[in-house]
Amino acid sequence: MNDRPSYPWSEGDALFADELNAAIANAGATGGGAVNVIGYGADPTGVIDSSPAFAAALAARPNGRHADVFAPAGTYLLNSPITVGDSLYSQRLSGAGWSTILTVGPGFSASALGVILIQPSPYNDVFAQASVCDLRIHFQQPPDFSTTATVLTALGGTTITVASVAGARVGSYVFNQTSTGSMPSQSIMAKVTNIAGNVVTIDRPTLMAIDVGHVITFADNRSHMVTLSPTPTLTPGAPGIKYPWAIYCGVAQSFFMDHVLVSGAWDGVYIRGQTFAIGQYFVGCMNIGLDIDECYNFPKLDHFMLWGWGIPSTMQGVYYDGQTVAANIGRCDDFTCDIFQTWCGILNITAAWSWGQINQLKLDGDNSALNVAGVAGTWLQIGQCYKTGGQNNVGVPMALTGACGVTIGSVMITAAQNNPTITLGGGSLVINGGYMWNGLVNVWPMINVTGGNLSIDQMRFDSSVGRTTTYLTQTGGSVRVSNSAFVVPPGAGGQAFSLTNSPRNAITNVDLNGWGGTIPPTALGRVSLSTSYANDAAAAVGGVEIGQEYRNGSIRMVRVT
């Protein structure tokens, strides 16, 4: 092995940049005994394709076995996938932190499953571990072409007249950048079917008028300009989905990853196999950040963070429909996660069987959500959970279906919702404390129970001044609320509960603060109380029996019979 780089450059060549000199100086530094990719011809300036050099370093056997591989700080262009892993021994690919950048450009192999492929052990040996650590995988989005409209296109039109068609071609995606901004969720999302002069024909009617001077952008079909989907089923190499997974672990028995940043990606990390351990993993992607299934023997994720549009701002012109998936978590036995944070991404926990725990779940911004679906016997424990944002949510921030059981130690939700904040359609949900606040005039309940069993203890429900809010609606299943407060600010209206008769419903030791008016007989299960209503155990109104003691807006017991 030659420890010196073999570049065809002279000292007078402009390619001798500072980072190249640093890489040459460190060519002998092998990162704890690992071979150095510089010694195999890797280019740390990102000009020459370094895929062959990485492949050669990863395949080298200096001591009769595949060696660990180290990539010094620099930018390395990859046009083909590289494979990490040894059939008999562990192998590690590591960098010098996020200053080691593996760049995936438009020339990357369109049929590849991943940028880094994890080699499985044929001997089912969990100790033959492949590791990827201390580096960044960055995807370069192909540049889009923008021009301006020169003729008005009315709503529903199928032709656009533009100033230039130099960068447009049949098959390109097109959207109106002026009317949609950096995240064109209301864009045309059409394809070019014909170009005649400066007139472009598209395959569907426009969703809005296009005025003269509007910026019209044409995106190559290799870019991210396709409608996203929360489902994990993709076909690598298909039109519009040509970007590979950053790391693809298809059948590996064991995989370890730590301090990895994936930015500008379409999809992040895909894992199938026996077990894995992930330390710190941060991803900026548009489709799926993490997809795991069929993972056994206590898989572990320490710290996960997702940004829905890339890091840094590599996707500011990308179509975004609010359906970015932070993670799909499938069949896992005793999956554990310390910190899971998603900005504008959905966490799907769906499997025939799955159980585990997340110590801290942080749902930040619009379109961050938790979806849990499972059969009887599956369960999820969440220690602490918060949800912020939500005015422009697509879907419900927390939706639980199936027969699974979910327990949340404490929940903090301060969101401006246009839809239910929590929906329960089956199974059970237990919340052991927290705070929920709503800030919009809302025809939806904050919590909507259509099935399953809801149990709440030590919660406070609140809303902004002058807002009409229904805190809890139940049309199926059962509801039990205890030791909680329902607060109505001045000028607000609505109702604390809207409950359907069920012998299993129980509302005990609840404080109704500020609710005014009377209890109309026509409001089934409605609680809307005056400030003086004491010791009238005979009052059973709308299926709600109020007994024990009620004074000054405080109820010792309310039970739906």
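1. A definition to begin with: a disulfide here is a pair of cysteine sulfur atoms within 2.5 Å. Please keep in mind that this is a predicted model. By that cut-off, the structure holds zero disulfides. Cysteine 295 is in no disulfide, because the nearest cysteine sulfur, that of cysteine 332, is 5.0 Å away and a pair has to lie within 2.5 Å.

2. Staying with the cysteines, are they buried or exposed? Cysteine 295 is buried, at a relative accessible area of 1%. Cysteine 337 is buried as well, with 2% relative accessibility.

3. On the overall fold, you will find three helices and 36 strands in the protein. Of contacts between residues at least 6 apart in sequence, 64% join residues at least 24 apart.

4. Turning to burial and surface, 53% of the 561 residues count as buried. The protein exposes about 21100 Å², and carbon and sulfur atoms supply 53% of that area.

5. The largest nonpolar core is worth a look: it has 97 residues, and those with the most contacts inside it include Phe54, Ile137, Leu290 and Phe340. Strand S16, residues 245-293, gives the most to this core, with 17 residues.

6. What does leucine 290 touch, leaving aside its neighbours within four places in sequence? Its contacts include Val269, Ile271, Tyr281, Leu301, Phe304 and Asn328.

7. Lastly, another core lies apart from the largest one. This other core has 13 residues, among them Ile160, Val174, Ala190 and Ile202.

Note on methods
Residues are numbered from 1 along each chain as its sequence is written. This is a predicted model: local features need pLDDT of at least 70, side-chain atom pairs count only at pLDDT 80 or more; totals for chains, interfaces and linings use all residues. Side-chain values use heavy atoms; hydrogens and water are left out. Helices (H or I, at least four residues) and strands (E, at least two) are DSSP runs, numbered from the N terminus. Buried means under 20% relative accessible area, exposed over 50%, partly exposed in between (1.4 Å probe, protein chains only). Contact means heavy atoms within 4.5 Å. Accessible areas come from the Shrake-Rupley method with a 1.4 Å probe; for residues, only the protein chains shown count as cover. A nonpolar core is a set of buried Ala, Val, Leu, Ile, Met, Phe, Trp, Tyr and Cys residues joined through side-chain atoms within 4.5 Å.
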